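Please open the structure in the viewer and keep the sequence at hand.

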Amino acid sequence: MAVSTKDAGARDAIALDRIDRAILAALAADGRISVTDLAARVGLSKTPVQARMRRLEQAGVIRGYRAVLDPVRLNAAHVAFVELKLSDTREPALRAFNRAVMAVPEIEECHMIAGGFDYLLKVRTTDIAAYRRVMADRISTLPHVAATSTYVAMEAVKDAGSVILPD
């Protein structure tokens, strides 16, 4: 199992009131909502909503705004999940692996895992042939890769791509 000395929970959580939560929920549902409509939805005027949004952005709660793309229409519907074991899980090896993963565009997500393997990757490609090329040319050659196991997704039953706000 990979163990990192970097504490993933080291960043302090920010206190959110019900208005902040309402703003975040509205933006998560529709990032293109106008400030005027957002203000009406949360029951404030534009200026305090803009101030709250700026505070949430500066605090890193809102990391950005983006379009949600349809992978089927973009010919990128093939998804595979890859369990990956490393040959070395000391901190320098983890850092080298993490840096290298960032350079592989087909790796949509990469998570360090506590369990029987070290990382779980979500890899998106056009088809199985493209996946095999990515596996052979990029994933297998990442630093310290010792073993992989692939699970091909047959259907995305739920793929929200959004964060659920805890109470």
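How many aromatic pairs does the structure hold? In this predicted model, the structure holds one.

Select Phe-97 and Tyr-119, which form that pair. The ring centres lie 4.3 Å apart, and with 40° between the planes the pair is tilted. Next, colour helix α4 (residues 91–101), where Phe-97 lies, and strand β3, which contains Tyr-119; the pair therefore ties together parts that are 22 residues apart in sequence. Phe-97 has a relative accessibility of 0% and counts as buried. Tyr-119 is buried as well, with a relative accessible area of 1%.

Now move to helix α5, residues 128–139. Its 12 residues place the end C-alpha atoms only 15 Å apart, short of the 16 Å that a straight helix would reach at 1.5 Å a residue. At the start of α5, display the side chain of Asp-127: one of its oxygens reaches to within 3.2 Å of the backbone nitrogen of Ala-129.

Which residues of α5 are buried? Select Ala-130, Tyr-131, Val-134, Met-135 and Ile-139. Turn the view to look down the axis of α5: these buried residues fall within an arc of 140°, so they line one face of the helix. In general, an α-helix has 3.6 residues a turn, so residues three or four places apart point the same way.

Then show what covers the buried residues of α5, which includes β1 (78–86), β2 (107–112), β3 (119–125) and β4 (145–152). Finally, select Arg-132 and Asp-137, exposed residues on the face of α5 turned away from its buried side.

Note on methods: Residues are numbered from 1 along each chain as its sequence is written. This is a predicted model: local features need pLDDT of at least 70, side-chain atom pairs count only at pLDDT 80 or more; totals for chains, interfaces and linings use all residues. Side-chain values use heavy atoms; hydrogens and water are left out. Helices (H or I, at least four residues) and strands (E, at least two) are DSSP runs, numbered from the N terminus. The expected span of a helix is 1.5 Å times one less than its number of residues. Buried means under 20% relative accessible area, exposed over 50%, partly exposed in between (1.4 Å probe, protein chains only). The arc is that of the directions from the helix axis to the C-beta atoms. Contact means heavy atoms within 4.5 Å. A polar contact is a pair of N or O atoms within 3.5 Å; within protein, one must be able to donate a hydrogen and the other to accept it, and residues adjacent in sequence count only if both atoms are side-chain atoms. Rings of Phe, Tyr and Trp (its six-membered ring) pair if their centres lie within 6.5 Å; planes under 30 degrees apart count as stacked, over 60 as edge-to-face and the rest as tilted.
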